[in-house]
Amino acid sequence: MAQRKYNWLFFDLDGTLWDFDSNSEYTLHILLQQFAPNLVAREQEFLDAYRKYNDFLWVEYGAGRISKEELRWKRFYEVFLQFEIDDKSLAVDFGEKYISLSPYQTRVVEHSFDVLDYLKSKGYHMYLLTNGFTEIQHIKTTQSGLAPYFEKVFTSDESGYKKPHKLAFDYAIKYVNARKRESLMIGDEWPTDILGAHQAGIDQVYFNTRNQVADCPVTYEIKSLLELKEIL
């Protein structure tokens, strides 16, 4: 029997397996009622503003221009400013409550368990490789039921490097004694997951649910996790 092409699979977590958007929206819905009931009627505007600033500040965090602590409150401070609420203490309290509540939400991306069961039955070595904070990501995987599928969760806190930095990938590869040519990175963000893996010499699966154009070569591109069965 011919040797299969891949043996080590590295998954991103947020947006790839753990349904970040749905879990975040539910958490924000609860927190708005508690902290800013006057904004409940404008919840969709709040969510849209949050996505914008959260995405931007995660890029800033990834580039090392802001700290983890700043990210946690500043994304909400910027959103509240859009509604003419200039209150740092509110943003800090809101951010702390968000961090304590959101990881316990359990919705996963469609077909996650089906595909993970399939891959586990095939004997792949599977890991999570995430820029998320260590304590938060472990709660997410445990509460959602994803944890048993993965041999280890690699976070940027642990390695000291954030995707797309090449050393974030090299750290995980070396830790598990994998071979790059037999490794595959699966993720939904091309700047961090796909470009990063490409620059590290690792094949990639771009889980492109937003129909975005990747500014780098992509090994595989999928719209549904079920398509992983065709690749693996």
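1. Burial and surface. In this predicted model, 47% of the 232 residues of the protein are buried. The accessible surface amounts to about 11200 Å², and carbon and sulfur atoms account for 49% of that area.

2. Overall dimensions. The radius of gyration is 18 Å, which agrees with the value near 17 Å that a compact globule of 232 residues would have. The C-alpha trace spans about 65 × 35 × 30 Å along the principal axes of the protein.

3. Secondary structure and contacts. The protein contains ten helices and six strands. Of the contacts between residues at least 6 apart in sequence, 64% join residues at least 24 apart.

4. Backbone geometry. Most peptide bonds are trans, and most residues other than glycine have a negative phi.

5. K163 to P164. This peptide bond is cis, its omega being near 15 degrees. P164 belongs to the loop between α7 (156–159) and α8 (166–175).

6. H111. The phi of H111, a residue other than glycine, is positive, near 75 degrees. H111 is located in the loop between α4 (88–101) and α5 (112–121). Because its relative accessibility is 28%, H111 counts as partly exposed.

7. N177. Although N177 is not a glycine, its phi is positive, at about 60 degrees. The loop between α8 and β4 (183–187) holds N177. With a relative accessibility of 62%, N177 counts as exposed, the cut-off for this class being over 50%.

Methods. Residues are numbered from 1 along each chain as its sequence is written. This is a predicted model: local features need pLDDT of at least 70, side-chain atom pairs count only at pLDDT 80 or more; totals for chains, interfaces and linings use all residues. Side-chain values use heavy atoms; hydrogens and water are left out. Helices (H or I, at least four residues) and strands (E, at least two) are DSSP runs, numbered from the N terminus. The radius of gyration is taken over C-alpha atoms; the globule rule is 2.2 Å times the number of residues to the power 0.38. Buried means under 20% relative accessible area, exposed over 50%, partly exposed in between (1.4 Å probe, protein chains only). Contact means heavy atoms within 4.5 Å. Accessible areas come from the Shrake-Rupley method with a 1.4 Å probe; for residues, only the protein chains shown count as cover.
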